[in-house]
Amino acid sequence: MRRSRADTLERLRSGPIDLLVIGGGITGARTALEGARAGLRVALVDGGDFGGGTSSASSKLVHGGFRYLPMGDVGLVRESQHERRVLMESVAPNLVRPIRFVLPVYDGSPRGAGTVAAGLLLYRALAGRGGRAAMLNQGAARQVVPSLRTDGLRMCGMFEEAETIDSRLVLATVKGAARFGVLVLNHARVIGLELRNNRGGVVTLDAGDDGLIDVPSKHVINAAGPWVDLVRRLDDAAATPLVRLSKGVHILLPHEGDWKAGVAMPLEGGRVSLGIPWQGMLMLGTTDTLFTGNPSEAHVTPADVREILDEASGFLPEEMLRPQRIRFSIAGLRALPVAHGDTAAARREHLIEVSRNGLVSVAGGKLTTHRLIALDALGRLPETGLGDLSPDSRRLPGTGWSLPLETATRLAPDVADHLERLYGDEAGQLLELAAAKSDGLERIHPSGPDVWAQVDYAFESEWAGNAEDVASRRTTLAVRGLMTPEIADRIRSRMSNRPTRSGMEVVPIRG
Ligand code: FAD
């Protein structure tokens, strides 16, 4: 059970706060966690839902950055490889899991077989312990990806990456931050910043039905992702842009066949067409196009979908790629350095700026390297005396292993796997909640593994504020295309009928 919203609001009003972090994506969540671990009194606020921005629209890969090798980013590759290993082995073992990728090179491919093979060898060398890469013949390639097109296939490499459920990784990090005593509040947008020359100031939040709140804070970090420049302009109306945005779209289709690996097919201009078996679905993407509008209005267009299907037809049969098969689509925005030229060729490192008033703004980078980005942002705060920090490598809440649920509860195997993956060592608490309701372990939709207790748990213990938070970021209803209007109504009525709890807290720990 976590601190109630009313209690959090009360504590924010009464202050004082050492550090307020704006934006509960993966960057802000980890920044808040590390700040609190270093001894600061921290608050984390998000204008929408935790993970509701870029951090739930990624390609779901915790990756070593194979595609950055041709850009010469060897440092970024090495750093990413290390972070992937730590996230997979220590920080979030049930949420970050290994996945193999095949890399097919066809006739007419932009990169020759020799170049790709050399790249794989270098990649393996940079990975150190645990990095694997191999060359496959056509038969072996079809064994791991049964639908792979083999006509014109000149070679096929294989390498290892990791995949995650990005929205749940953010949530686990927010839980980790709360465990260190961070005051966390979603659905509370920052609409005003009154900062005085490195001496902190007041942050004004619009918390919807809970009204406007002025929070005094000694320091503020702006981790608003694609919205970073909008927040910077609250501090300095004349601030010139720190980032330019590039839109990336993914689509999800029902899965066919037993894929044991994903596919990463090189395209012109350094881009890659991805086909990833994810949550029992097939995820295809992604696009990379300059976006100049309001980040809140980024959406998937028919042209985006055509581009993805067209590019995937390079490695998959046409019948798998009929537009009618699409169940879900999502657009995300990359925050890239302001520069001219192709967004696909732009470097993926993060950006940090400190304003005259002491507002630290951080954006870009990768989900994979978020722990390092967070420390970099904290290191730029004026006069905190934090010294040298290193990232916390301890396991996040709800990301370890629980009892084998299937045997413990006689759940259907797909439901047991699903609950273990999403809730890890919190699965027991979810089952306790399920026991209190006659339909707790009933499937929400017959075609998916999500059960009704997850909805209750989302409202009770995971800060869900509405049906959309539940469908898109606490369960997998939305990504499977199973969020029907009837289910949305039932979730809403479950939300309004739940008992009100107040003042329950996690016990803060210091590390
Ligand atoms: P966000 O997740 O966008 O969070 C910013 C938050 O700020 C939002 O939740 C928003 O609601 C909040 N906010 C905005 N304005 C305000 C305000 N005024 N007040 C309060 N809150 C506010 N990286 C990988 O490592 N692996 C991948 O496979 C991968 N794939 C990607 C694919 C695509 C298409 C894209 C776009 C990115 C991908 N990335 C990947 C990069 C990665 O997703 C991002 O680097 C990361 O998610 C950025 O997180 P963030 O916290 O900085 O931003």
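The shell around the ligand is made up of 13 nonpolar, 19 polar and 6 charged residues, where Ala, Val, Leu, Ile, Met, Phe, Trp, Tyr, Cys and Pro count as nonpolar, Asp, Glu, Lys and Arg as charged, and the others, Gly among them, as polar. This is a predicted model, in which local features need pLDDT of at least 70 and side-chain atom pairs count only at pLDDT 80 or more, while totals for chains, interfaces and linings use all residues. Residues are numbered from 1 along each chain as its sequence is written, and side-chain values use heavy atoms, with hydrogens and water left out.

**Around the ligand**

- In total, 38 residues surround the ligand, each with a heavy atom within 4 Å of it; D46, T54, S55, L61 and T368 are the closest.
- Here are some polar contacts to look at (pairs of N or O atoms within 3.5 Å): an N or O atom in the D46 side chain is 2.6 Å from a ligand oxygen, and a polar side-chain atom of T368 also lies 2.6 Å from an oxygen atom of the ligand.
- V190 takes part through its backbone, with a polar atom 2.9 Å from a ligand nitrogen.
- Taken alone, the ligand exposes 1000 Å², and the protein buries 94% of that (Shrake-Rupley areas with a 1.4 Å probe).
- Two or more shell residues come from each of α2 (26-37), β8 (189-195), β11 (243-254) and β16 (328-337), and β16 gives the largest share, 3 residues; helices (H or I, at least four residues) and strands (E, at least two) are DSSP runs numbered from the N terminus.

**Cavities**

- You will find 4 cavities of 30 Å³ or more, a cavity being a set of points on a 1 Å grid over the protein atoms alone where a 1.4 Å probe fits but cannot get out.
- The largest cavity holds about 80 Å³ of space, a volume being the space filled by probe spheres set on grid points joined across faces, edges and corners.
- Its lining has 10 residues, with R3, A178, V182, V184 and W463 closest to the centre (lining residues have an atom within 4 Å of a point).
- By class, that lining has 6 nonpolar, 2 polar and 2 charged residues.

**Aromatic pairs**

- There are 3 aromatic pairs, meaning Phe, Tyr or Trp rings (for Trp, the six-membered ring) with centres within 6.5 Å.
- F50 and W463 pair edge-to-face (planes over 60 degrees apart), at 5.9 Å centre to centre and 85 degrees between the planes.
- F50 lies in the loop between β2 (42-45) and β3 (61-62) and W463 in the loop between α13 (452-461) and α14 (467-474), so the pair ties together parts 413 residues apart in sequence.

**Backbone details**

- The G285 to T286 peptide bond is cis, with omega near -5 degrees; T286 sits in the loop between β14 (281-285) and β15 (289-291).
- H187, a residue other than glycine, has a positive phi near 50 degrees, and lies in the loop between β7 (183-185) and β8.

Terms used:
On a 1 Å grid over the protein atoms alone, a cavity is a set of points where a 1.4 Å probe fits but cannot get out, and a pocket is an open set with protein on both sides within 12 Å along at least five of seven lines; lining residues have an atom within 4 Å of a point. A polar contact is a pair of N or O atoms within 3.5 Å; within protein, one must be able to donate a hydrogen and the other to accept it, and residues adjacent in sequence count only if both atoms are side-chain atoms. Rings of Phe, Tyr and Trp (its six-membered ring) pair if their centres lie within 6.5 Å; planes under 30 degrees apart count as stacked, over 60 as edge-to-face and the rest as tilted.
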